[in-house]
Amino acid sequence: LVESKWLKFGEFSKVAFRLYACGDATAQPGHTTVFVWMAHPPGLSFTFNLRIGDSLSTAPRLWQATMIHYRMDLRWVQLASALSSQDGGLSITLQVLQWHGPEENPADSHVECHTNVSLALEMLQGAASAS
C-alpha cells in the first residue's frame, strides 16, 4: 500500500491517492488498484486522467459532481514500466481534461457536503473568458 498526503485540488478540494500494488480484493490478477479520494465532492463533473511518471496516462474517466472517490485498475506491467523510468519516488498527477458543470438535478445537491456550486460556475465562466 502506497498512500499520498492530501494535496490541493484547485479551489475545490484536496485529493489523495492510494495505490495497492497487488490490487484490492476485486482486482484481476496482475493488476494494480488506484484510488483517488477527494476531501469532499467538487460540485462539478469533470473528465480526467491520471498521469503516472512520464510514460503512463490512463484513459479519460468521468468524475461525477457528487463523488468523493474513484477506483481504477491498471495492469502491473504498465505501472512497473512507468516506475522503472523514474529516478526516485512516484509521481501521480490528476489532469482535468474538461469541466462539465454542476449536477443535473439541483435537488440532489447537498450544499453542506461540497464546494459551493456558484463558485464552481464562476471558475468555469472565468476559464471560458480566458480562452
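Which residues do ring pairs link into a cluster? Select F9, F46, F48, W63, Y70 and W99: ring pairs join these into a cluster. Rings of Phe, Tyr and Trp (its six-membered ring) pair if their centres lie within 6.5 Å; planes under 30 degrees apart count as stacked, over 60 as edge-to-face and the rest as tilted.

This is a predicted model, in which local features need pLDDT of at least 70 and side-chain atom pairs count only at pLDDT 80 or more, while totals for chains, interfaces and linings use all residues. Residues are numbered from 1 along each chain as its sequence is written, and side-chain values use heavy atoms, with hydrogens and water left out.

**Whole chain**

Start with the cartoon view. The protein has 2 helices and 9 strands, in the order β-β-β-β-β-β-β-β-α-β-α from the N terminus. Helices (H or I, at least four residues) and strands (E, at least two) are DSSP runs, numbered from the N terminus. Of the 131 residues, 35% are buried; buried means under 20% relative accessible area, exposed over 50%, and partly exposed in between (1.4 Å probe, protein chains only).

**F9 and F46**

The structure holds 10 aromatic pairs. One of them is F9 with F46, a tilted pair at 5.6 Å centre to centre and 35° between the planes. F9 lies in strand 2 (residues 7-9) and F46 in strand 5 (residues 44-52), so the pair ties together parts that are 37 residues apart in sequence. Both F9 and F46 are buried.

**Strand 5 and its partners**

Next select residues 44-52, which are strand 5. Strand 5 runs antiparallel to strand 7 (residues 61-63), with 3 bridges between them; two strands pair if DSSP finds at least two bridges between them. F46 has W63 as its bridge partner in strand 7.

Strand 5 is also antiparallel to strand 6 (residues 56-57), joined by 2 bridges, and R51 has S57 as its bridge partner there. The hairpin of strand 5 and strand 6 has 3 residues between the strands, and G53 takes a positive phi near 65° in it.

**The core around F48**

Now colour F48, L50 and L94: they have the most contacts inside the largest nonpolar core, which has 20 residues. Such a core is a set of buried Ala, Val, Leu, Ile, Met, Phe, Trp, Tyr and Cys residues joined through side-chain atoms within 4.5 Å. Strand 5 gives the most to this core, with 4 residues.

Beyond four places in sequence, the contacts of F48 (heavy atoms within 4.5 Å) include P60, W63, Y70, M72 and L94.

Move to H31, in strand 4 (residues 31-38). Is H31 buried or exposed? H31 is buried, with a relative accessible area of 18%. Leaving out residues up to four places away in sequence, H31 touches A21, C22, G23, D73, L74, R75 and W76.

Finish on D73, in strand 8. D73 is partly exposed, at a relative accessible area of 26%. With residues up to four places away set aside, D73 touches A27, Q28, H31, T32 and T33. The side chains of D73 and T33 make a polar contact of 2.8 Å, and the side chain of D73 makes another with that of R71 at 3.1 Å. A polar contact is a pair of N or O atoms within 3.5 Å; within protein, one must be able to donate a hydrogen and the other to accept it, and residues adjacent in sequence count only if both atoms are side-chain atoms.
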